[in-house]
Amino acid sequence: MTQPADPPKDLPKDLPKDATHRLEELEHGLFTSDLSVNEFLLVKEAGFHPLGFVMGSSIYHIGLQTRKWGESQELTKLTEAMYTARELAMNRMEEEAEELGADGVVGVRLDVNYYEWGSDSAEFIAFGTAVKAEDGTSYKNALGKPFTSDLSGQDFWTLMQTGHVPQGLVMGTCVYHIAHRKLTQALGSMGQNVELPNFTQALYEARELAMTRMQDEAGQLNASGIVGVRLEEKSHQWGSHTIEFLSIGTAVTKTTGEVTLPKPLTIISLDN
Amino acid sequence: MSQSSAELPEAAVRRFSSGAFSSGLTVPDFAACLQLGLEPVGLVQGFCVMQWGWYGAGSSFMRGSNPYTMGAQSDGAYSESYRCPHGYVSAEHRMWGQNLEQPWVEAAWSAGYGAAYARMLDEATALGAHGVIGVVDRVTPVADSQTSEFHFLGTAVTVEDGPPPAAGVPWTTYLAGQRLTKSIEAGFMPVAVVASMASVRVWAYCITEYQMEGGRGWGNTNQTGEVEQVIRAHMAVRQLARKHVRQKLVGDALHGVQIDVEKRELAQGDEVIDCTIRGNRVRRFKDFDVVPSPRPTVRLS
Amino acid sequence: MSEDVAIDVKAEMLRGAQSLATAPPPNTKRGVTSDLSIDEALLLHSAGWEPVDLVCGVSVASVPFGVWNWGQGEIGVASAAHNAAVQGAAERLKEECAKVHGHGVVGVRIGVEVRNHHIDVDLVGTAVRPVDGGSTPALPFVSDLSARDFTLLKGAGWMPAGLAFGASFVYAPRRSAGAALQQKTQNIELTNFTQAMYAARESAMERMQRSALEVGGHGVVGVKVTEGPMSFARHAVGFTAWGTTVKLVADVHRNIEPQVILPLDDAVVMFAAQNLRGK
């Protein structure tokens, strides 16, 4: 199954004016980053310089969706919503990075916040640090945009040493409703060791959908692989029979054939 | 500094004479301890419940002087006065304010802490220990107000082939295990666990009261401003705590300092601020050789 | 760990215990008080710096009544109060540092309380200076970097320049009842909500950047953005951005060339003093 319908065509092209003002300041030489000191030093070691802390957010209202109590099914409207909301946030973050002339964004984090005054709505935020190669080579991806990755500074350095370059953060999402068992079924299996086929089937299918969508995104970037894949399962505010499966990872391509990672020193530490 | 305690409680005598030791050390700490040539001889503790009177003896209040009158306290304790800039407004308008150090509270705290500490040392001496490591100290307020319980717990140790403790007083430290090993390797010998406390009371005057209660005051419409009186009290209490601790150091260094500040907001902008500083008093016993810069590493797992 | 290492520490422990038996020389020197752990103190020394004293800075800024009542847009007075409180506390911290002849403060622990009528900021850190002296700079630096991060940065040619900070408070925007009903079944972005939160977040970040520029910094590392509603006014949301301002003091950045290691145990590897001596 392919991605849900194309993202809305009216994605905002302009960032809020407060953002442009802040980004201008960054273009004059000051850099900001949410990298720790360790990560900062390793990013420099990899030949990149941080440009600025970039972020994008979107407050999205998730519409109601009717569902059949007794059937396991994907709730496509909710899937679309979760996908679009995250895309909006990520796109704004990428726009900020492009504004700074970045080659990519590292350490991307995606957060979801709920506020009491926003029922059925949530704020989706994407954060990261935009970086640029110091030797002027362009690291933009197949779509001509700065790469995004949720790799930490350490992982980014290690990846570059192996001759691979990040292309983009890829994600696939699927919101699945798990059928409630009929009363007779529930009573019948009470107290026994037994597999619950609808649960198994539902969770299996949902995870597969999420991961396939993620791989499709990687395909669009002409990536040779995905590293650091994480599978997250959250119920957000929908109750325990509706779960969002989010599969997220960094798509990479191989650049050169050599691996420059030096032979590691193996140690056994004897202190605690 | 320390008060002599009554005889050891009977239960302590029984526990000590049993021969086997008990210790509060974890297994790695125990191993490190043996590596240092320290032999645990028993778990020791000291205990004291202290009460200080409300505006106890010696305070300027009890001496009949009004805290609202301007004038430093006669015992040299910190105090600062504030005077209202307005003319007469009303009987409730607070025309005077003062930041007052509360030496009676500090003295009571010191006495309680000292007594509990001394009792722990008594137990250690009864076991023939040279020092006490892994000290844990707790100060807990008890149900009634103005009462606190001081509790010390530690593991008494002897140093292999070591001399009896100087002046008959075992040395003590909060550290144990690897951290104690590193401290010794770096050339620092623990002398004692040291703690001091300072307490300052803020009697707010009109401006402070308005600022702390969100009032707009006179001529102060919709602006923010720093609350000077409260800030000065906070800075003073921290400086005083450090000053008190320094007096106990006699030139030795204090490592691993922990500073705790507790404030209780009372009505009308008044506040009581207590600041406690604890740390390990240490003495350099050998020249310091600087270690070379360590090599940074990146872990692969 | 070899046998000689074990005997070594035993001998040193004995030596230490014996040193207490001899009366200490009269000491009028002002002892060092520091909240650094022994690991951090050793690291600092290896970079040629030493701890001097524990220093504090506090500020309380008042917030007038009625500021939190639901309005529109940014809550300017609250933002100004928070920014003033952090600045005031940092100023006092610097004063204490200068008084003990420190060149800067590391490992600053930051405590912030936003209350209905006042915002309190509490800073504690250790003042440090180079071992071989040197004149006290006019503007001591203040940083929340640990002594370890300070040493690493210094080795690469950078120095901390200050605490970067920016705050911004905003009212949650309102929706009309009609709009709320219309949006109920749709998946739709709530644009004015987005704009309001976005603007406030950017504003906090911008103030943080400006505070970095004010001390002549070249960059900010370790940026942390916090956001959340006020416990006493849930329709008001506060955003703060914190970071450490850094400045390149060497001509160029010095690469650190890390060694890659593969530990074969589960425990977290922290360096041990023995390893530092190259044994």
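Q: In what order do the strands of the open sheet of five strands run?
A: This is a predicted model, in which local features need pLDDT of at least 70 and side-chain atom pairs count only at pLDDT 80 or more, while totals for chains, interfaces and linings use all residues. Residues are numbered from 1 along each chain as its sequence is written, with chains lettered from A and ligands numbered from 1 in the order in which they are written. Strands (E, at least two residues) and helices (H or I, at least four) are DSSP runs numbered from the N terminus, and two strands pair if DSSP finds at least two bridges between them. With mixed pairing, the order is E6(A)-E4(A)-E5(A)-E2(A)-E6(C).

Q: Which strands stand at the edges of this sheet?
A: An edge strand here has a single partner strand, so one side of it is left without a neighbour in the sheet. The two in that position are strand E6 (147–148) of chain A and strand E6 (188–189) of chain C.

Q: At about what angle to E2(A) does helix H3 of chain A run?
A: Helix H3 (residues 76–99) of chain A lies across E2 (48–61), E4, E5 and E6 of chain A together with E6 of chain C. Axes are lines fitted to C-alpha atoms, for helices over the stretch in contact (C-beta atoms, placed from the backbone, within 7 Å). Taken between N-to-C directions on a scale from 0 to 180 degrees, the angle is about 145 degrees.

Q: How many residues of H4(B) are buried?
A: Buried means that 20 or more other C-beta atoms lie within 10 Å of a residue's own. Among those in H4(B) that qualify are Leu180(B), Lys182(B) and Glu185(B). H4(B) is largely enclosed by the rest of the structure, because the buried count, out of nine residues, is eight.

Q: Which element gives the most to the side of chain B that touches chain C?
A: The contact takes 66 residues from chain B and 64 residues from chain C. Elements of chain B that each supply at least two residues include helix H4 (177–185), strand E7 (188–203) and helix H6 (228–249). With eight residues, the top contributor is E8(B).

Terms used
Two residues are in contact if their C-beta atoms, placed from the backbone, lie within 7 Å. A residue is buried if 20 or more other C-beta atoms lie within 10 Å of its own, exposed if 12 or fewer, and partly exposed in between; C-beta atoms are placed from the backbone.
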